Amino acid sequence: MRVSAIDKPENPAVAESAFLKACRREPVPHTPVWFMRQAGRSLPEYLKVREGIPMLESCMRPELVTEITLQPVRRHGVDAAIYFSDIVVPLKAIGVDLDIKPGVGPVVEQPIRSRADLERLRDLTPEDVSYVTEAIRMLTAELGPTPLIGFAGAPFTLASYLVEGGPSKNHEHTKALMYGDPELWADLLDRLAGITAAFLKVQIEAGASAVQLFDSWVGALAPADYRRSVMPASKKVFEAVAPYDVPRIHFGVGTGELLGLMGEAGADVVGVDWRVPLDEAVRRVGPGKALQGNLDPAVLFSSREAVETKTREVLDAAAGLEGHIFNLGHGVLPTTDPGALTRLTEYVHEQTAR
Ligand code: 1CP
């Protein structure tokens with residue numbers, strides 16, 4: 001059994017799972033599979049249990065969170081569960097006036113654009129999210145040998161929602177703040193890094209075996225701006241959870257030019273979207289890190305043969321890697337046929353059985 005610097009509850013079988021072995025770049029019995037946004041979205045059993053319950057409220061009900069997190073594990077036989085929540089949950093927990101609007105996403109009542117606005121972001125304590133601790137304890141008991149991935153939004157992506165006031169295509173207010181008031185920007189990201197780190201620690205201490213930092217929208221930045229204006233905050237998050245010795249996954253969309261820097265920020269596993277083949281991604285990331293990815297989620301709308309051909313391409317590009325976790329290049333699209341995800345999981349397991 002592995003011993004980590006800080007004690008955390010863990011079933012010994014979890015440490016030996018294919019998912020955690022791949023994260024540690026150890027030999028695996030088969031390539032592990034999980035899907036970003038596997039919980040919720042396309043599953044009829046999810047839509048049924050969520051009926052009439054607003055998204056943020058459902059994140060605060062431990063029994064419901066446990067059920068929704070388990071659904072894709074039961075149905076698809078994936079190698080890891082991802083905790084059902086949302087990246088804005090810790091912001092809601094510290095009193096930011098926001099809601100998740102169906103069909104839109106997170107909407108912030110009063111965007112954060114000034115020094116006075118920043119003062120509204122206080123630190124997160126474990127008591128603010130006691131329902132997360134409760135849900136993760138229930139979940140890990142139910143999951144048995146299947147590892148649970150905790151997650152949080154990275155400082156840049158959270159800042160984008162806070163500064164824009166909602167989802168944004170061009171991130172213009174965010175960039176205006178980043179370029180126009182670098183000091184306020186740095187303070188905002190630093191504060192978000194503290195909140196994010198605290199939220200990840202709660203999840204790890206309750207029993208999460210790995211964590212993923214979603215910097216979904218950071219691909220909007222050029223490498224020099226990423227290095228100067230974002231990397232210090234993301235680094236702070238990764239450093240804060242390093243003593244727990246759980247794998248740290250770092251993912252963003254459209255980040256082909258940033259893959260090396262995202263690894264350098266402190267990830268053990270770099271998530272890759274579908275635009276960069278994994279054999280090229282490994283050159284950009286460099287040695288010593290596992291890769292996660294990267295089938296285009298839209299491929300799942302094509303024929304079974306086409307899905308298998310495109311999956312084979314991903315597996316062939318990953319053949320020389322030390323440590324590959326199969327995933328989509330971004331989240332499961334909402335109208336995806338759940339059967340296609342089950343077949344894909346089986347196909348990857350079959351093709352990579354050693
Ligand atoms: O992976 C899982 O299945 C767990 C659940 C999960 C995760 C990991 C949800 C539930 N949200 C997230 C992360 C998340 N949320 C990200 C990072 C991952 C990604 O890039 O897809 C982002 C950017 C968000 C923000 C968000 N929340 C959006 C995107 C809006 C935009 O900017 O385009 C949306 C639509 C939500 C709402 C949401 N989150 C989760 C669900 C099931 C829903 C839909 C809620 C509803 O309307 O009922």
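Reply: Start with Y161. This is a predicted model. Y161 is buried, because it has 25 C-beta neighbours inside 10 Å, and the cut-off for buried is 20 or more. Its place is in helix α9, which covers residues 155–164. Leaving out residues up to four places away in sequence, Y161 touches V88, P106, V108 and G166.

Y161 comes from a UniProt list. The unreviewed entry gives "binding site" for R37, Q38, A39, G40, R41, D86, Y161, S216 and H330. Such annotations may be inferred rather than shown by experiment.

D86 sits in a loop, between β1 (81–82) and α6 (89–93). Is D86 buried or partly exposed? It is partly exposed, because 18 other C-beta atoms lie within 10 Å. That count falls between the limits of 12 or fewer for exposed and 20 or more for buried. Neighbours within four places in sequence aside, D86 is in contact with M55, C59 and I100.

Next, the nonpolar core. The largest one has 111 residues. I149, L189, A208, V211, V218 and L291 have the most contacts inside it. Helix α11, residues 182–206, supplies the largest share of this core, with 13 residues.

L291 is worth a look within that group. Not counting residues up to four places away in sequence, L291 touches V269, V270, V272, L278, A281, V282, V285, L321, G323 and H324.

Conventions: Residues numbered from 1 in each chain as written. Predicted model: local features only at pLDDT ≥ 70, side-chain atom pairs only at ≥ 80, totals over all residues. Core = buried A, V, L, I, M, F, W, Y, C linked by C-beta atoms within 7 Å. Helix = DSSP H or I, 4+ residues; strand = E, 2+ residues; numbered from the N terminus. Contact = placed C-beta atoms within 7 Å.
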